[in-house]
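I opened my notebook to record what I looked up in this structure, one topic at a time.

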Amino acid sequence: MGTVMYWNGGGWAWMAFMPLLWIALIVLVVWAVVRLAQGASHGHSDAGRGWQGREGPAARETPEEILDRRYATGEIDADTYTEARKRLAAHRPGPR
């Protein structure tokens, strides 16, 4: 008889918990779809180089790569590119 009372008394808790479970499940599915969509859109570059295959901190461009890209797309001219390359080389830490 004690077992029957336990299950009957706890039924309201499950009824209150189930909507929260469904909400959490829906949020998880939406998050996963958005995450996959972002991964697919960030996997291709605009320069036509194809999929980079890099993720996380290693996916960040080096200052030289950013400069090369900006020069290649015409954002900066040759003089600006040359001057920026000199400045980057001057501030690049040497071997340890």
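My entries below go from the whole chain to single residues.

I noted at the outset that this is a predicted model, where local features need pLDDT of at least 70 and side-chain atom pairs count only at pLDDT 80 or more, while totals for chains, interfaces and linings use all residues. Residues are numbered from 1 along each chain as its sequence is written, and side-chain values use heavy atoms, with hydrogens and water left out.

I looked up the fold elements and found that the protein chain has three helices and zero strands, where helices (H or I, at least four residues) and strands (E, at least two) are DSSP runs numbered from the N terminus.

I then turned to burial: 5% of the 96 residues of the protein chain count as buried, a term for under 20% relative accessible area, with exposed meaning over 50% and partly exposed in between (1.4 Å probe, protein chains only).

Next I searched for ring pairs and found one aromatic pair in the structure. The ring centres of tyrosine 71 and tyrosine 81 are 4.5 Å apart and their planes stand at 25°, so the pair is stacked (pairing requires centres within 6.5 Å; planes under 30 degrees apart are stacked, over 60 edge-to-face, the rest tilted). Tyrosine 71 belongs to helix 2 (residues 63-72) and tyrosine 81 to helix 3 (residues 78-91), ten residues apart. Tyrosine 71 is partly exposed, at a relative accessible area of 37%.

Last, I checked glutamate 64, which lies in helix 2 and counts as buried at 17% relative accessibility. Beyond its neighbours within four places in sequence, glutamate 64 is in contact (heavy atoms within 4.5 Å) with Arg85, Leu88 and Arg92.

Methods: Phe/Tyr/Trp six-rings, centres within 6.5 Å; stacked < 30°, edge-to-face > 60°.
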